[in-house]
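Here is a short report for a first look at this structure.

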Amino acid sequence: MQAVLFDLDGTLADTAPDLGHALNLQRERHGLPPLPQEIIRPYASHGTVGLFDIGFGLTPQDARFAPMREEYLTLYTANLCLHTTLFPGMDELLAALEARNIAWGVVTNKPARFTNPLLELLGLSKRAASIISGDTCSHPKPHPEPLLCAAREIGVAPQSCLYVGDAERDIEAARAAGMSALIADYGYLGAEDHPESWGADGRIATPLGILAFLP
């Protein structure tokens, strides 16, 4: 393996506290009580579609979805990194990869307007060899294009890349790109997820578990 690529929400960083905070701010605006973080957390990797399902019972087909989404994104922008942190062990893992001259990057479906400032605030933007957001390419995950774009930017073959994510679309994208794939069990897996059926090469309980899959 010459490069390790990470999903962002629920894999590289624990963004659920701020995603949930913005959702509860929006619920307050609409006269609704706050939801406990443990209820919101499993939906944090599913974007506004998942958050609005649990927060308002809305689907993208609802007429209110688009304006509510814009309201939510405005609130999230203003509260982007209040409580977001790297998962425990992730900083040590990144340092270990850099010490081994293994490049690492981020491939996320999060729009660049959030990805780039968030990684800057976390002190990672200059360390990452590639940052691919949900609107960088023509297609987001589960399409393989974002992962292949990251491999090209780093200058390694897809077969020499390991992709780590916490959602089924992450593993599907890695498979389609010809990359090895690991499931981050510490991420935002919900009761409806069945990671044992996703076809990953392995599962890790902590970020440092990735080291066991590297030379």
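Which strands does helix H7 lie across? H7 (residues 145-154) lies across strand S1 (3-6), strand S4 (103-107), S5 and S6, and runs at about 160° to S5. Helices (H or I, at least four residues) and strands (E, at least two) are DSSP runs, numbered from the N terminus. Angles run from 0 to 180 degrees between N-to-C directions, with axes fitted to C-alpha atoms.

This is a predicted model: local features need pLDDT of at least 70, side-chain atom pairs count only at pLDDT 80 or more, and totals for chains, interfaces and linings use all residues. Residues are numbered from 1 along each chain, and side-chain values use heavy atoms, without hydrogens and water.

**The sheet.** Six strands form an open, parallel sheet in the order S5-S4-S1-S6-S7-S8. Strands pair if DSSP finds at least two bridges between them. S5 (130-132) and S8 (202-204) each have a single partner strand, so one side of each lacks a neighbour in the sheet. From one strand to the next, the twist averages 25°. Four bridges join S6 (residues 161-165) to S7 (residues 180-184). Tyr163 has Ala181 in S7 as its bridge partner.

**The helix.** Buried residues (under 20% relative accessible area, 1.4 Å probe, protein chains only) of H7 include Leu147, Ala150 and Ile154. Gly155 follows H7, with a positive phi near 90°.

**The cysteines.** The structure holds zero disulfides (cysteine sulfur pairs within 2.5 Å).

| Cysteine | Nearest cysteine sulfur |
|---|---|
| Cys137 | Cys149, 4.0 Å |
| Cys149 | Cys137, 4.0 Å |

Cys137 is buried, at 15% relative accessible area. Cys149 is buried too, at 13%.

Definitions and conventions
Contact = heavy atoms within 4.5 Å. Buried < 20%, exposed > 50% of the residue type's maximum accessible area, 1.4 Å probe, protein only.
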